[in-house]
Amino acid sequence: MRRCGSRVLKLRPPSFAYEAGRRQRFPFSTFTIADIPEVKEAKICAERGDWGGALQLLDRASMVLSSVPEMKMQTMSRAADIHQKQGDISKEISERQRILQLAAESGSSQYVPLAAKALSIALLRGGELDKAVMHNIEALQDVKNQNSLIRMGSQLVTAVILTHHPRRSGEVLGIIDGVVAECSKEGSAGKAQGEGEGSDDQALEMEKNLAATRCVGELVRVRYYHHSQDSGRRGIGDDNSSQHISAPTTAAAAAGTALAEAHSLLEGHMSGDEALRHPTLLLLGVSSSLGELSGVCLAARGSCYGVLEDASIALEETCLNKAIKRFEAMEEEGGEKGSLYLANALRSLAKLRGRKGDGVVAEGLFRSVLSKLNQFPKSILEAELRIATLRDYAALLEKMEWNGRSRKPEGDKLFLEASATEQEMFKEKTGENTEPHNIHIGSITDQWLLNAFGRMPF
C-alpha cells in the first residue's frame, strides 16, 4: 500500500482492462495512458504534492507497460516531469536519457525527436549548456529527412539553448531567421500548388501550421533580445553576440513587431480549437495548446513595448491584460500551467503598475500572486515564481512610504523570505545547499519556452 495525502492507495496487479485491450488489439486512440489506474492515482498524488507516491505508482505502471514501448515512454515522461518539479535535475536527466534510449531501441521515429528535445532542455536546466547544444545538434541530424515541422522544432530548441549560452548567443538570430525563411518558403510553395479537391482547406491548415511555427520562433527572438539587454547591463557577452546588439532597445521593439505579425496570423486561424493540442505543436515538440501559445505571445509583445519610452506603457498594459484574460480562461478549464502563467502575468502587471507610480495597485497585485501560489503544491516551478515575486515586491516597498515612514524594512523582510525559500529549494538530502538548476524562470517567455520544450507533448 501507498499513502497519498489522506488516501491509502493499493498498488494493484496489472489492470484487467489493459490486458484485455492488448488481447483485443484495441486501437491506440481507444485505450490511452490516462485509462491506467496507477497513472490516474499518480496524478492525484501529484496534485497533492506527494511526489514520492506519484513516482512509485508511475514506476509500477511503467513495469506493467514493458511490452508497449510508446505507453511506457509516456509513463516515464510523467515521472521525469515530477523529478523536474522536485528540482532533482540529475534524476530528471537520467529518466529522460532512458526515455530517449527506449525510443531509439523501439524504432519509434515519432518519439525520438520529442525525447531528444526534452533531454536537451533538462541538460540546459542543469547548466550543461555545451552538452545540451551538442546533444540537440546530433538529434537534428536524425530528423533531417522527417517532416519539416519536426526539423524546425529541433532547430528552435537549439536556439533556445543558445540564448542562455555566454559565448554562442550570436548564433541564435541565424537559426531563427532560417526557420522564418523556411516558413515563408513553404507558404509560397503551398500557394503555388495546383487546385484540387480540398486544396483550400489544406492551404488554410498549412497557413495555421506556419503561423504557429513563426510565433514560436519569434518568441525565441524576443527572449534573445531581452537576454542581450540584461547581459549588456551586466557587461557580459562575447564579441560575436555584441555585434547583433548595437541598439538592443530598437531591436527588441522590432522583434515585438515581428511577433505581433505572426501572432495576428495565428489568431486569424484560431476557431474554437485553441484549447486543444494542435498537431502543429505536437510535431514541433511543444507541450502546449494554441490558446496557451497565443496568451504567451500577448505577454511577450507587452514586454517588447516595455523597453521603449513611457508612452508605450499603455500598449504594454493592454497586451498584458489580454494575456491575463486568456490565462484566466485556461485556469477555469483546470489547467495547472494556465494558473502558473496567470500568476506570472499578474506579477508582470504589478511591476508595470509600479513603474507607473500606482504603488497601491501594484502591491495588491503582488499579494494576489503570492496568494495564488499558496494554492499550489510545493515545487521548483512554484518556488521560482515565489522568489521572483517576493523580490519584485520588496523592490517596490523600498520606494514606498506609509505615514511619512519608509517601507524599506518590510521590503528587507521579503528579501530574506526570498533567500530562505531559495535555500530551501536547493537543499539536498545531504543537508548541503547546492543549486541543481542553472536556469531560473523569469519572464513568461522564459517560462513557456522551458516548459513547452522541456516536456514531451502527451
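In this predicted model, the largest nonpolar core has 107 residues, and those with the most contacts inside it are Leu-219, Val-220, Leu-266, Leu-293, Phe-327, Trp-448 and Phe-453. Apart from this core lies another, of 17 residues, among them Ile-33, Val-39, Ala-79 and Ile-82. As a general background, nonpolar side chains in soluble globular proteins tend to be buried together.

Two packed helices are described by the angle between their axes and the distance between the axes. Helix H6 (residues 111–125) packs against helix H20 (residues 444–454) at an angle of about 135°, the axes being 8 Å apart, and the two helices are therefore oblique to each other. On the H6 side the contact involves Lys-117, Ala-118, Ile-121, Leu-124 and Arg-125, which meet Leu-450, Asn-451, Phe-453 and Gly-454 of H20. Sorted by class, this contact of H6 with H20 has five nonpolar, two polar and two charged residues.

H6 also packs against helix H8 (residues 148–163), where the axes come within 10 Å and cross at roughly 5°. Because angles under 35 degrees count as roughly parallel, H6 and H8 are roughly parallel to each other. Here Pro-113, Lys-117, Ser-120, Ile-121 and Leu-124 of H6 make the contact with Ile-150, Gly-153, Ser-154, Val-157, Val-160 and Ile-161 of H8. By class, the contact of H6 with H8 has seven nonpolar, three polar and one charged residues.

Turning to the aromatic rings, the count comes to three aromatic pairs. One of these pairs is formed by Phe-366 and Tyr-393, whose rings are stacked, at 5.5 Å centre to centre and with 20° between the planes. The pair links distant parts of the chain, since Phe-366 belongs to helix H17 and Tyr-393 to helix H18 (residues 380–398), 27 residues apart. Both Phe-366 and Tyr-393 are buried.

Methods
Residues numbered from 1 in each chain as written. Predicted model: local features only at pLDDT ≥ 70, side-chain atom pairs only at ≥ 80, totals over all residues. Heavy atoms only, no water. Axes fitted to C-alpha atoms, helices over the stretch in contact; angles between N-to-C directions. Helix = DSSP H or I, 4+ residues; strand = E, 2+ residues; numbered from the N terminus. Parallel < 35°, antiparallel > 145°, perpendicular 65-115°, else oblique. Contact = heavy atoms within 4.5 Å. Nonpolar A, V, L, I, M, F, W, Y, C, P; charged D, E, K, R; others polar. Core = buried A, V, L, I, M, F, W, Y, C linked by side-chain atoms within 4.5 Å. Buried < 20%, exposed > 50% of the residue type's maximum accessible area, 1.4 Å probe, protein only. Phe/Tyr/Trp six-rings, centres within 6.5 Å; stacked < 30°, edge-to-face > 60°.
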